Amino acid sequence: MRLDQPVLLYGAGREARSTLAFIRARAPELKVYVTVDSGEADLPGTETIAPVDLTDAIAARRFATIVKSPGVSRYRPVFALAREAGIAVTSNLNLWGETYRAGRTVIAITGTKGKSTTATLLHLMLVNLGLDAGLAGNVGLAPLEIADRHRIVVFELSSYQTADMAFTPDLAGLTNLSPEHTDWHRTVERYYADKLNLIDRDTAFPVALGRAARMTPRVLEAVRDTSRLIPPLAPFLDDRVAAAAARSRLKGAHNLDNARLAAELALKAGGTIEGVLAGIAAFTPLPHRLEEHEVGGLAFVDDSISTTPEATKAALGAYSGRRIALVAGGHERQQDYTELAGMLEAAGVTLLVTLPVTGDRLASAAYAAAPGVEVLEAASLEAAMEALAHRRDRFDTVILSPGAPSYGQMLRPGIVFKNFEERGTAFIALARSLFGHG
């Protein structure tokens, strides 16, 4: 990125703030603009350009570079206009690659679900081996925040980041692949291609695949040469990893698969089985991901980070043998809920409470596929929890695993969640207020 000509930051979140700090450290007087689609652009020392004015600003070449935040789709027409005008479009991650990549070992992990847990486990394994490792991306620090602090960097990357990732990792892991984020990528096929851009490269660096990824033909096509694949753990090592996971705070078969994938990468990076086992033992569940709370003699599981039906299925699998009330539904991304509905009864779900807007489709599918499950349709999370409070004899575990994003969802009429964190926090607060004295 040129630091002698103005820059536009599209987005004003954590990555944008770290990008601004990066620019100010190198060019304190550089003119920096910011554009946001909603809310306040609270970045000191910047000048705001409204989205409706961007086309004119590009035509006038008011800036030479756009640094796009991950949540802003790279497929918006405005970025094509910028490139045609000779304006570079880059990201916080790619700026890290330009500035700090050389001389570091980069291990990048992606997948539709499980990538945050896998990356966190891998980081813990490396640290417990005594290695100088840091964690960045969607967990840990933003790329430009981690800068040059560590010799090894574990990146947890979304499809938004892998889509235009310009540098190559030394090792990569892919947990699984299923449809998601079609609103950002525009089509499912483009989502797959953008996610697989992490491994579908000419440079033949080693790749580890989770169990589901190994069974996905398009993933194997992206690998190109199967000699790149890191082999599964030897049986005697796999037994030790499985035993350690069973003693840890990891829940469910999907998290055992995440632990295996992390172990394969850690051992390939030069680690030992002792460090792998220590990392598993040190694991603490990530916020809002199968985060369990006991209230009034019942288990309340905050899995608010769940944004796909596959994540909800994994959450149900982690609580096999329980009588479950499932709270699900959220922002519409045209995901298929048929398979989830078909497994509800076998998974122990006795009561399903659905939330707008995908909850309408899930409820319809459940009426047909799970006649033994009571289905309630609620307009807000508060209404859902109040409905459950009148039926507490039907369940021993309540799981908030929406299988959809939180965008536009309501706590109650007039109060909309800003993100999945607020949704999860509100779920536990409602549990305590409605069930805490029962």
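In this report, a residue counts as buried under 20% relative accessible area, as exposed over 50%, and as partly exposed in between (1.4 Å probe, protein chains only). By that scale Asp 183 is partly exposed, because its relative accessible area is 37%.

The structure is a predicted model, in which local features need pLDDT of at least 70, side-chain atom pairs count only at pLDDT 80 or more, and totals for chains, interfaces and linings use all residues. Residues are numbered from 1 along each chain as its sequence is written, and side-chain values use heavy atoms, with hydrogens and water left out.

**Annotated domain**

An unreviewed UniProt entry assigns the annotation "domain: Mur ligase central" to residues 109–201. UniProt positions follow the numbering used here, feature names are shortened, and annotations may be inferred rather than shown by experiment. In the model, this span is 38% helix and 17% strand, and its end C-alpha atoms lie 15 Å apart. Helices (H or I, at least four residues) and strands (E, at least two) are DSSP runs, numbered from the N terminus.

**Salt bridges**

A salt bridge is defined as a side-chain nitrogen of Lys or Arg within 4 Å of a carboxyl oxygen of Asp or Glu. The whole structure contains 17 salt bridges. The table presents some of them.

| Pair | N to O distance |
|---|---|
| Arg 333 and Asp 183 | 3.4 Å |
| Arg 260 and Asp 238 | 2.7 Å |
| Glu 339 and Lys 313 | 3.0 Å |

The side chains of Arg 333 and Asp 183 form a salt bridge. This pair links distant parts of the chain, 150 residues apart: Arg 333 is in the loop between strand E13 (324–328) and helix H16 (338–343), whereas Asp 183 is in helix H8 (residues 182–185). Arg 333 has 10% relative accessibility and therefore counts as buried.

Arg 260 is joined to Asp 238 by another of the salt bridges. Here the partners are 22 residues apart, with Arg 260 in helix H13 (residues 253–268) and Asp 238 in helix H12 (residues 235–247). Arg 260 is partly exposed at 23% relative accessibility, while Asp 238 is buried, with a relative accessible area of 18%.

Glu 339 pairs with Lys 313 in a salt bridge. Because Glu 339 lies in helix H16 and Lys 313 in helix H15 (residues 309–317), the pair ties together parts that are 26 residues apart in sequence. Glu 339 counts as exposed at 57% relative accessibility, and Lys 313 counts as buried at 16%.
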